[in-house]
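Please look over the model below before reading my notes.

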Amino acid sequence: MLARLPQGVPQDADFTLLEGPAATPAAGEVLVRNLYLSMDPYQRSWMAGGSYGVTATPGATVIGRAVGEVVASGDARFAAGDFVFGETGWQTLPVVSGDALEKIDTTLGPVSTAVGVLGSPGLTAWVGISDIGQPRAGETVVVSAATGAVGSVAGQIARIRGARVVGVAGDAQKCAFAVEHLGYDACVSHRSAGFAAELALACRSGVDVYFDNTGGAVSAAVFALLRQDARVALCGLVAEYGDAAARGPNMKHVLSNQALVRGFSVRRNLARMPEYRAQAAAWIHSGELKYREDITAGIEHAPAAFRGMLAGRNLGKALVRVGDDPTRG
């Protein structure tokens, strides 16, 4: 639960762990034993006043997606043993409405991927690249937070479409992972003292498409390299959440290059999830789409894992395991 609203980087003291007995599901409700909690940037936006259906106040359960196994059900659509995902928040044994849950097709991949590569992060990447970026063969695509849950998929989809892909990540290890494992053509660390110059060198012909996960100083450097008729898919502003002093890009580059900047939300595209999952599962099976999960054990470590995700310390999808996964050996 929230103990107080975070100011700047969330601290352990901003959260409190409450223990109590599990509730019994009423008609239309389901008791779920959560297995994995999903760590996502939108949770920080919620803590800063973003509207996600529940107001962030002291005492509120932290919102978030999770994967779990049904323990007991008062909803005929679900039975004990079903694997489900939904917005259950940071809890181990939540009771939620059956309308808030969806069954997981375990034939597509491990259950954890329902909140990762085969879930909202993957769908977000697919919508941003396919609908807004629309990279053409030979164009240069830049992806910030390039090795995170969303960015890693966005970069690979751009590569599948024939683009030259340049990532922006936090350190040399992540950049090596982006190039060697994910197939990026180049990757630049935003922590480098010469970041702007190194990015310009990696994008010698400019930037045609920018998948923006971060905002802030990274986006300021990318916007300065936009080409004529460039497209920017504005996915998130994690560098600016909770930081009123953060400086974003100079919009004169948008005007002078007649670039398109479009913000988007995955929540308006959830109906397209089956289409995305079918395509992504095929890419995973063929080896064209790879993924990694960064798993922390124990709900008591959720605040630290969340803070690490915001700081970009995870490689791939950040998860907190809060129950034994029977689908894994």
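1. Basis. This is a predicted model, where local features need pLDDT of at least 70, side-chain atom pairs count only at pLDDT 80 or more, and totals for chains, interfaces and linings use all residues. Residues are numbered from 1 along each chain as its sequence is written, and side-chain values use heavy atoms, with hydrogens and water left out. Helices (H or I, at least four residues) and strands (E, at least two) are DSSP runs, numbered from the N terminus.

2. An open sheet holds 6 strands in the order 8-7-6-9-10-11, and the pairing is parallel. Two strands pair if DSSP finds at least two bridges between them. Strand 8 (186–189) and strand 11 (260–263) are at the edges; each has a single partner strand, so one side of each lacks a neighbour in the sheet. On average, neighbouring strands are turned by 15° against each other, direction ignored.

3. Strand 10 (residues 226–234) pairs with strand 11 in the parallel sense, over 4 bridges. Opposite G263 in strand 11 stands L234.

4. Helices on the sheet. Helix 3 lies across strand 6 (140–144), strand 7 (164–169) and strand 9 (207–212). Its direction is at about 170° to strand 6. Helix 4 (residues 172–180) lies across strand 7 and strand 8, at about 170° to strand 8. Axes are lines fitted to C-alpha atoms, for helices over the stretch in contact, and angles run from 0 to 180 degrees between N-to-C directions.

5. Helix 2 with helix 3. The axes of helix 2 (residues 120–133) and helix 3 (residues 149–160) come within 8 Å and cross at roughly 40°. The two helices are therefore oblique to each other. The angle classes are: under 35 degrees roughly parallel, over 145 roughly antiparallel, 65 to 115 roughly perpendicular, the rest oblique. Helix 2 passes helix 3 in a right-handed crossing; right-handed means the near helix is turned clockwise from the far one by less than a right angle, left-handed anticlockwise. From helix 2, P121, G122, T124, A125, W126 and I129 meet A149, V150, V153, A154, I157 and A158 of helix 3. Contact means heavy atoms within 4.5 Å. The contact residues divide into 10 nonpolar, 2 polar and no charged. Ala, Val, Leu, Ile, Met, Phe, Trp, Tyr, Cys and Pro count as nonpolar, Asp, Glu, Lys and Arg as charged, and the others, Gly among them, as polar.

6. Helix 2 with helix 8. Helix 2 and helix 8 (residues 273–286) have axes that come within 10 Å and cross at roughly 95°. They are therefore roughly perpendicular to each other. S120, G122, L123 and W126 of helix 2 make the contact with M273, E275, Y276 and W283 of helix 8. By class, this contact has 5 nonpolar, 2 polar and 1 charged residues.

7. Helix 5 with helix 6. Helix 5 (residues 195–202) and helix 6 (residues 216–223) pack at about 45°, with axes 10 Å apart. That makes helix 5 oblique to helix 6. F195, A196 and L199 in helix 5 meet V218, A221 and V222 in helix 6. The residues of this contact are 6 nonpolar, no polar and no charged.

8. Rings. The whole structure has 6 aromatic pairs. Rings of Phe, Tyr and Trp (its six-membered ring) pair if their centres lie within 6.5 Å; planes under 30 degrees apart count as stacked, over 60 as edge-to-face and the rest as tilted. Y42 and Y52 have ring centres 5.3 Å apart and planes at 45°, so the pair is tilted.
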